[in-house]
Amino acid sequence: MDFALDDDHLALREAVQRFCEGEYPAQHRGNPESAEQARQRWKGMAKLGLLGLPLPAAFGGSGQGAIEVMLAAQELGRALGGGAFVASTVIAGQLLAALGTPEQKLQWLPALASGEMQAALAIAEEGQRYDWTAPRLQATRTPRGWELQGRKTFVLHGDSASLFLVVARSATGLAVFAVDAATPGVRVHGFDTLDGRRAAHVDFEAVTLAEARLLATDGVEDAIEAALDAGIAALCAETAGAVEALLAATVDHLRTRKQFGAPLAKFQVLQHRVADLAIDLEQLKSMACVAAMAVAAGEPVQRRRLVSAAKVFASQAGRRAGLATIQMHGAMGMTDECRVGHYAKRLIAIGQQAGDAAFHLRHVLATN
Amino acid sequence: MRLQFTAAEEAFRQEVRAFVRAKLPADIKRKVELGLRLEHADYLTWFNLLEERGWLTPGWPPEHGGPGWNHVQRYIFDEETLLAGAPRIIASGIQMLGPVLIAFGTPDQKARYLPDIRASRTWWAQGFSEPGAGSDLAAVRTTAVLEPDGKHFVVNGHKVWTSYAQWCSMMFALVRTDPTAAKPQEGISFLLIDMKSPGLTVRPIRMLEGGTDLNECFLDNVRVPVENLVGELHKGWSYGKYLLGHERTGIAGIGSCKQQLARARQLAAQQGLADDALLQARLAQFEVELIALEATALRLLAPGQGSRTPAVEASMLKVRGTELRQAIYETLVDIAGPDALPFSTEAQFLEHLDEAAVAPELTAVAANCLDARKVSIYGGTNEVQRNLIARATLEVY
């Protein structure tokens, strides 16, 4: 195993860091974005090249891989930023790149990379928790193309996406369609999420689609799995970044806040919590690397196993770090004003996304 | 960044694996796999086999007989030997004193002691802890007073928790040479003491699991030649710290974790627990923790990818590695269920295994779990490690 970063990696990391310092002022991190902020930040990320980072160079991307995504996601995580980066660029973008025909890729990928539009994967359904392999949303052949009927839930950033990649059940098995949000019969019900972001439930009522809207029926499951794993790896990196910020905030707090005549940092019981947090952070960073390297290597069995292991760790240690840090900040840590709680919310939210710890633990178990 | 080991590293792994398979005697392998007691001769046999191949002292520089491996090779070696059922390397002479002598010893000390360590002719006892100085080594009270002619120290005191002292002919010890020093750390020296010296007595301590590998050593007017001082007078504290830094890297024990997790899986299958959801979830959780620990060890020890608190990386690995190992040992007891109850000190020796009241695989499980409590205590308790990690973190962030 080789964990070395080259100069390009370091430059990318520094650029994202600078962007985050400008766009996500420390005292506002985790606040819901105004529409104007979201637009500006999305434009900024496009300018930095982040929105096309893992997309093929032939379609407007920069053809980088999971390591670069990890570096960017870790910095975005540290600033509680990134908006729909994981949902639109990493997951939907890469799925489109994997399954789309050249015409379809040309139609959407450059627009994704330039930030003109966002895409979102519509995969979850009510009552199925994290198992997406047997969707009820039905795709039926019609003389002119296809008709979709059904409902998708928890589409992350679903109310800012203009394109949905919809996972459906057809007569021959799983199929993925590219559906404009503006298509008649598509109804988007947006809502706020725990971490101050947005998601949507989306109804598809007799949605009529042209044949050209079908991405693929072959190799769909593998491609979805690969795209989700890439997204999970990015979430693991975000977790490491967020916990790094939490550790810094906690150290700052313990050194300045006095109780019983001494700075909190003098109390051994708190020192030991800091030590455990510091160890968790190093392991989270390592797991982010492991997940990214597994995605980059691309061998599916190993990738699934290691990405799942990383997600188990990120879900558990991320939440643990968030909640422990609130405790170490005392009641202040529970206020909306203190940023610590916003990190905790994001970490809890990441833990429940794309498979929670128990779900991925079963994956690890299955590969033993 | 790359997930795979290089072709050269994989070839090295195969080489180590083939070596252990060919050379490790079956009875030793069986003892290790069943968690039974190893005797002095077992270690000597294995260490001599390793030394013949030039592999006993991976951490030593090549001019002193080390193989010149990088950290990845050392890691692979530890993992492969332990997974194949080889005894672990006992740290004191090879991993602790050796590096100190190489860094701070006189040419004469190096010539005199290093070859004997490699040939396992001399086993070294670690004379650090005392009844009043466990992890707080700055509190050692054993005194060494230089005789007026300047040729000998006279040592008086009481060392404790000395591993394998019964097999050792030499001891390296921290002794107080300047009781008036301003700071307790400043008046300590590092001495090499012949265990056969008049006035030195060894008394075994019987431990929870029935073993007697730990000892107390009483030093009553023991005369030690002045040439047995390592480095400078009163500077022993820094050599001790150097030595423990070397030790902690190894005592993360990732290879041992893997060894015991494999044992747990095997036992679980034998005990009909292959489909026990609770147990399997626990084992999968260990698997995750182990992946995180292993990746962290390789990442932190690799050049250029360290943490912001590099001085305490070894402490981090020690804390997580030892606590994980203990959790796996506890799970072994759970896997044994009621069969963890029968206990016989005798049956933990291979020759008496058939006297055990349970299957051979389960004979030593409870004893092993108890014995494993030591890993979070030795080398500086995990509480002390957490203090170090916290202090560094609070400064750096």
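Biologist: Which helix gives the most to the lining of the second largest pocket?
Modeller: α6(A), with five residues. Helices here are DSSP runs (H or I, at least four residues) and strands are E runs (at least two), numbered from the N terminus. Bear in mind that this is a predicted model: local features need pLDDT of at least 70, side-chain atom pairs count only at pLDDT 80 or more, and totals for chains, interfaces and linings use all residues. Residues count from 1 along each chain as written, chains are lettered from A and ligands numbered from 1 in written order, and side-chain values use heavy atoms, without hydrogens or water.

Biologist: What volume does that second largest pocket have?
Modeller: About 1,000 Å³. Of its 44 lining residues, the closest to the centre are Tyr130(A), Leu156(A), Gln352(A), Gln353(A) and Ala354(A). A pocket is an open set of points on a 1 Å grid over the protein atoms alone, where a 1.4 Å probe fits, with protein on both sides within 12 Å along at least five of seven lines; lining residues have an atom within 4 Å of a point. Points join across faces, edges and corners, and the volume is the space filled by probe spheres set on them.

Biologist: Which classes of residue make up the lining of that pocket?
Modeller: 20 nonpolar, 13 polar and eleven charged. Asp, Glu, Lys and Arg count as charged; Ala, Val, Leu, Ile, Met, Phe, Trp, Tyr, Cys and Pro as nonpolar; the others, Gly among them, as polar.

Biologist: Switching to domains. What are the bounds in chain A?
Modeller: Domain 1 is 7-114, domain 2 is 119-216 and domain 3 is 220-366. Such bounds come from an automatic or database assignment.

Biologist: How many residues do domains 1 and 3 of chain A put into their contact?
Modeller: Domain 1 gives 24 and domain 3 gives 27, with contact meaning heavy atoms within 4.5 Å. They bury about 1,900 Å², 72% of it from carbon and sulfur atoms. Buried area is the accessible area (1.4 Å probe) that two parts lose on being put together, summed over both.

Biologist: How many salt bridges between those two?
Modeller: One. The rule wants a side-chain nitrogen of Lys or Arg within 4 Å of a carboxyl oxygen of Asp or Glu.

Biologist: And in chain B, what area do domains 1 and 2 bury?
Modeller: About 550 Å², with carbon and sulfur atoms giving 58%. Arg37(B), His40(B) and Tyr43(B) supply 73% of domain 1's share. Zero salt bridges are found across that interface.
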